[in-house]
Amino acid sequence: MARKKLTDTEIQNNLEELDGWSVKNGKLHKEFKFENFVAAFGFMTQLALIAESMNHHPEWFNVYNRVTIDMMTHDADGITELDIKFAEHANELSE
């Protein structure tokens with residue numbers, strides 16, 4: 001998958017298709033809320049397997065039923081298609 005930094009316009013176009021995601025501090029950002037800790041941790045576990053298969057790992061934080069994810073591609077020093085794809089996977093898993 002491409003690791004070329006997206007332009008601001010490309011990022012904004014992709015955000016229109018990514019429910020709940022925004023850009024915060026130069027990273028894709030979203031907070032997910034679940035029924036309880038087990039559901040939140042289950043989401044993280046499933047997403048961790050996807051992250052490993054993509055060789056692309058999120059910055060994330062979990063408190064009880066919330067999981068906050070920040071994504072950027074460090075090699076490209078910005079948001080790439082890889083981050084967009086990861087965000088799509090996260091949204092699919094959270095449904």
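Predicted model: local features only at pLDDT ≥ 70, side-chain atom pairs only at ≥ 80, totals over all residues.
**View 1**

**View 2. The start of α2 and its cap.** At the other end, let's look at Asn36, which caps the N-terminal end of α2. One of the side-chain oxygens of Asn36 sits 3.1 Å from the backbone nitrogen of Val38.

**View 3. Helix α2 from end to end.** This helix covers residues 37–54, 18 residues in total. At 1.5 Å a residue it should span 26 Å, and the 25 Å between its end C-alpha atoms agrees with that.

View 4. Which residues of α2 are buried? They are Ala40, Phe43, Met44, Leu47, Ile50, Ala51 and Met54. Looking down the axis of α2, you will find the buried residues within an arc of 125°, so they line one face of the helix. On the face turned away from this buried side are the exposed residues Val38, Leu49, Glu52 and Ser53. The cover over the buried residues includes strands β2 (27–33), β3 (59–63) and β4 (66–71), along with helix α3 (81–94).

**View 5. The largest nonpolar core.** This core has 24 residues, and those touching the most other members are Trp21, Leu28, Phe43 and Ile69. Two or more residues each come from α1 (8–15), β2, α2, β4 and α3. The biggest contribution is that of α2, with seven residues.

**View 6. Around Leu28.** Beyond its neighbours within four places in sequence, Leu28 is in contact with several residues, among them Leu15, Trp21, Ile69, Met71, Ile79, Ile84 and Ala87. Ser22, Asp70 and Asp83 are also among the contacts of Leu28.

Methods: Residues numbered from 1 in each chain as written. Heavy atoms only, no water. Helix = DSSP H or I, 4+ residues; strand = E, 2+ residues; numbered from the N terminus. Expected span 1.5 Å × (residues − 1). Buried < 20%, exposed > 50% of the residue type's maximum accessible area, 1.4 Å probe, protein only. Arc of directions from axis to C-beta. Contact = heavy atoms within 4.5 Å. Polar contact = N/O pair within 3.5 Å; in protein donor to acceptor, adjacent residues only side chain to side chain. Core = buried A, V, L, I, M, F, W, Y, C linked by side-chain atoms within 4.5 Å.
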